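Got the viewer open and ready?

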Amino acid sequence: MSQPLSGISVLDLGQIYQGGYSGLLLSYLGADVVKVEPPWGENVRSRSEDGKPPQVQYLNANKRGITLDLKSERGKRALKDLVAECDVLLENFATGKMAELGLGYDVLREVNPELVYAHGSGYGDHGPYAEYPAMDLTIQAMSGVIHTTGYPDQTPVKAGPAICDFIGAVHLALGIVSALFRREQSGEGDYVEVGMYDCMYPTLASPVSSWVARKDTPPRTGNKHSGLSIAPYNVYDADDGYVAIMCVSERHWEALATLMDRTDLVGVEGYDSKAARAARLDEIDALVEAWLDGQAKDDAVDVLLDAGVPCAPVQTVEEVIEDAHLRERGMVNDLPNQGEGRETVPVPGMPIKFAGVDDPEVTQAPLLGEHTEEVLAEIAGYTPEELAQLRGS
């Protein structure tokens, strides 16, 4: 069986993480993704002197790469020539930027009425914040992510990963695939836009639920449950690191109590329901901490998993990169590093699996402009003379 998007061609004008990961997902789904950059490279390339930072290699595997100066008339014409033959264009420039260049959806759909045009942004195309500059940090701040992360008596902190960029990227890819599905029925292209701010609101399910319930819940609860409604639910000290443990059901609590040699707390008033245990959160956390004293994190996790208690070791970045599960599922792929640093870059694989379809082979990200002439000749039919004219623009 072929990949779901085999035969679909995508012009990926994405930059940084939101656009980059959306295009990466489409490439892993089988689309021919062409990354379009300005001659000086997209924004992330400036994070290293050689223009080959790990981030570019991490998010642009399986793509071909071209450069076009979209401020020049020849560059604009070349993009239109490609659009005429392609299925999708995605970009995550500031809202209105492509229109300023004379390359907005109204223009490009005249070139190709079947084009699916996808625009990712911070706040979407309309609303009071539509023109605000946006990056992952600012969206984390605006969306409540920072306010709800950290400890109640300390300054709020951002989430470590760029969660807004990547959640926005997944929504953008979903919008593109949905528009392509509708095009199969209608024969018409579409305009898809996704604001990262919109995507983050659903993630506040626990804090918002606490607010709705009118509980006296602090905005930040550290590693405890956001609504302080589950115990145990925390990250606990082990001798050589930390272990995350939570008990969602009564059987989880009964198993943990047995491991802690506290079966006297099973079925006893004050400990016999999730709500009752949550009211004794600090006491239960202390019991778990005492049980973990003297244990290595991996040993404790093995015992907990054998008993069916939800848990996990808190892994370092290095441990995640070497994680046997991720590697068996093809999620970590060591490709030669094109820039400075370690010899390889652990490029992510495809997290969506299909029965009867092998995971796509992960190939290196293109060098800046590596496939410009190849793509223009193959897709837009450019002659050697036209390529020479474009090089001179």
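Start by selecting Gln-3, Tyr-28, Met-350, Ile-352, Lys-353, Phe-354, Val-357, Asp-358, Asp-359 and Pro-360: they line the largest cavity. A cavity here is a set of points on a 1 Å grid over the protein atoms alone where a 1.4 Å probe fits but cannot get out, and lining residues have an atom within 4 Å of a point. You're looking at a predicted model, where local features need pLDDT of at least 70, side-chain atom pairs count only at pLDDT 80 or more, and totals for chains, interfaces and linings use all residues. Residues are numbered from 1 along each chain as its sequence is written, and side-chain values use heavy atoms, with hydrogens and water left out.

The volume of this largest cavity is about 40 Å³, counted as the space filled by probe spheres set on the points, which are joined across faces, edges and corners. Its lining splits into 6 nonpolar, 1 polar and 3 charged residues (Ala, Val, Leu, Ile, Met, Phe, Trp, Tyr, Cys and Pro are nonpolar; Asp, Glu, Lys and Arg charged; the others, Gly among them, polar).

Next, pick Ile-16, Tyr-17, Glu-42, Val-44, Gln-55, Val-56, Leu-59 and Asn-60, around the second largest cavity. That one holds about 30 Å³.

Now show H3 (residues 73–83) and H16 (residues 372–380), whose axes come within 9 Å and cross at roughly 50°. Helices are DSSP runs (H or I, at least four residues), numbered from the N terminus; axes are lines fitted to C-alpha atoms over the stretch in contact, with angles from 0 to 180 degrees between N-to-C directions. For the contact (heavy atoms within 4.5 Å), select Ala-78, Asp-81 and Leu-82 in H3 against Val-375, Leu-376, Ile-379 and Ala-380 in H16. These residues divide into 6 nonpolar, no polar and 1 charged.

Methods:
1 Å grid on protein atoms, 1.4 Å probe; cavity = no way out; pocket = protein on both sides within 12 Å on 5 of 7 lines; lining within 4 Å. Helix = DSSP H or I, 4+ residues; strand = E, 2+ residues; numbered from the N terminus.
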